[in-house]
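Please read them with the structure open.

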Amino acid sequence: MPDRSSVNRKDGANPARYQPLVIVLAAAAAGVLADRYWPLPVVLWWSAAFVAWLVWLVLWRRALDWAGGLVLLVAVAACGGAWHHCRWHLFADDDLGYCARPAEQPICVEAFARSGPRRMARLPDNPMRAISAGEQTRIELHILGLRNGSQWEGASGEVRLTIDGHLLGVHAGDRLRVFAQLAQPRPAKNPGQFDSARHARGDRQRATLRAEFPECVQVVGRAGLLSLSHAIERVRTAGDRLLWARLSDTRASLAAAILLGMREEVTHEQTLDFVKTGTVHVLSVSGMHIGIVAFVAFALMRLLCVPRMWSVAAVSLLVVAYTLLTDAEPPAVRAATVVVIVSIGHALGRRSLSFNSLAAAGLVVLARNPADLFRTGVQLSFLCTAILVWFA
């Protein structure tokens, strides 16, 4: 890490070599990795971060920048470990996951709908499955309470509710009463198998709910007018209806996946075709989609001769809104962060540093959910982008 004199020097130093956020991202990732495999009490993590920050302050006042920089990286790593520990190990005492068992058990809960219902495509018939699966609906819930006999008790936690059939009349932000079967997410039972339980825990979901009929879900309160999740769902639903009204069924499902991130509308056969051709990533809203939106928006602003500051603000807001509209998956968050950083640099007349911007996006993704560090899709997304930046 360079000292102050080398940072302020203008005698031909190459600014592209000074990209400090890359080192910061590496330190934060190291802290997350350390807590995943060698967890420490969260008090120790925060204490280590505070002590390291105090030591850095002393070293900085004495102009010992190299030593201070190393100590500051230790503080960043400790913060990363503490944040991962809070997300992975710490849950409220009334979390619904403590009530879940491997076998299903009936339960009645009240919950807040974090997302609108997502209709899942019917799975193809499988001779290994005794009962063929029909259409299902998926919805993300935040638990508010559960019923114990005739009394309601406080509860919390994030769960995914799966309903057999097509759920209608429910929107994001609604307060729901659900009669369902409670169970733990299924762990991997064979080597190399996808671990649903570990993936769900990364999203702080330690329980699942399954309802046999749409009538098991009752709306007890509608979303408020200022509900952001409800507004996003309305825009997404309106766009989906427009696609299905103007396109054929096959093209409408693909367009909904590519433009709105609604992959659940793509049939299993269509997904297999994309897998066989190695283009299944096209069905996920990623950096390519965000880049196209930003490029078209910038071109339009330039064509209309919009002032630089206004065009940057409009493009940044549009990219962030589109990212939220498509469920803000990590690849989209990465791309949106880079676009916003590049836009701000353009407005200030400063050249953005590619790897520094990419590292900033990585820090945003880890701040949103440190468990994304262990997901293959996120790793490949950053790796591919880093390779493209390197060759560029």
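**Notes on the predicted model**

1. Start with D327. This residue sits in the loop between α10 (308-325) and α11 (330-348). The model is a predicted one, and D327 has a phi near 75° there, a positive value in a residue other than glycine. Most residues other than glycine have a negative phi. D327 counts as partly exposed because its relative accessible area is 32%.

2. What does R236 touch? Leaving aside residues up to four places away in sequence, its contacts are R118, L260, M262, L324, L325, T326 and D327. R236 itself lies in helix α6 (residues 228-246). At a relative accessible area of 7%, R236 is buried.

3. R204 is not a glycine, yet its phi is about 60°. R204 is in the loop between α5 and β7 (205-211).

4. D203 pairs with R375, with the closest N and O atoms 3.2 Å apart. D203 lies in the loop between α5 and β7, and R375 in the loop between α12 and α13 (376-391), so the pair ties together parts that are 172 residues apart in sequence. D203 is partly exposed, with a relative accessible area of 28%. R375 is buried, at 17%.

5. Is E110 buried or exposed? E110 is buried, because its relative accessibility is 10%, under the 20% cut-off. R177, at 25% relative accessibility, is partly exposed.

6. E158 and R114 form another salt bridge, at 2.6 Å from N to O. The two residues belong to distant parts of the chain, 44 residues apart: E158 is in strand β5 (residues 158-164), and R114 is in the loop between β1 and β2 (118-120). E158 has 19% relative accessibility and so counts as buried. R114 has 43% and counts as partly exposed.

7. Now the cysteines. The structure holds zero disulfides. C86 is in none, and the nearest cysteine sulfur, that of C79, is 11 Å away. For C216, also in no disulfide, the nearest cysteine sulfur belongs to C108, 10 Å away. A disulfide needs the two sulfur atoms within 2.5 Å. C86 is partly exposed at 23% relative accessibility. C216 is buried, with a relative accessible area of 18%.

8. Helix α2 (residues 20-37) passes a length check. Its 18 residues should span 26 Å at 1.5 Å a residue, and the end C-alpha atoms are 26 Å apart, which agrees. Which residues of α2 are buried? They are A27, A28, A29, G31, V32, A34, D35 and R36. Their cover includes α3, α4 (65-88), α5 (196-202) and α12 (354-368).

9. There is a nonpolar patch on the surface. Its members are F50, V51, W53, L54, V55 and L72, with about 520 Å² of accessible area together. Helix α3 (residues 42-61) gives the largest share, five residues. V55 is in helix α3. With 37% relative accessibility, V55 counts as partly exposed.

10. Last, the whole chain. The protein chain has 13 helices and eight strands. Along its principal axes, the C-alpha trace spans about 70 × 55 × 45 Å. Of the 392 residues, 38% are buried. The accessible surface comes to about 22900 Å², and 64% of that belongs to carbon and sulfur atoms. Among contacts between residues at least 6 apart in sequence, 73% join residues at least 24 apart.

Methods:
Residues are numbered from 1 along each chain as its sequence is written. This is a predicted model: local features need pLDDT of at least 70, side-chain atom pairs count only at pLDDT 80 or more; totals for chains, interfaces and linings use all residues. Side-chain values use heavy atoms; hydrogens and water are left out. Patches are made of residues with over 30% relative accessible area and no salt bridge: like charges are joined within 9 Å, nonpolar side chains (Val, Leu, Ile, Met, Phe, Trp, Tyr) within 5 Å. Accessible areas come from the Shrake-Rupley method with a 1.4 Å probe; for residues, only the protein chains shown count as cover. A salt bridge is a side-chain nitrogen of Lys or Arg within 4 Å of a carboxyl oxygen of Asp or Glu. Helices (H or I, at least four residues) and strands (E, at least two) are DSSP runs, numbered from the N terminus. Buried means under 20% relative accessible area, exposed over 50%, partly exposed in between (1.4 Å probe, protein chains only). The expected span of a helix is 1.5 Å times one less than its number of residues. Contact means heavy atoms within 4.5 Å.
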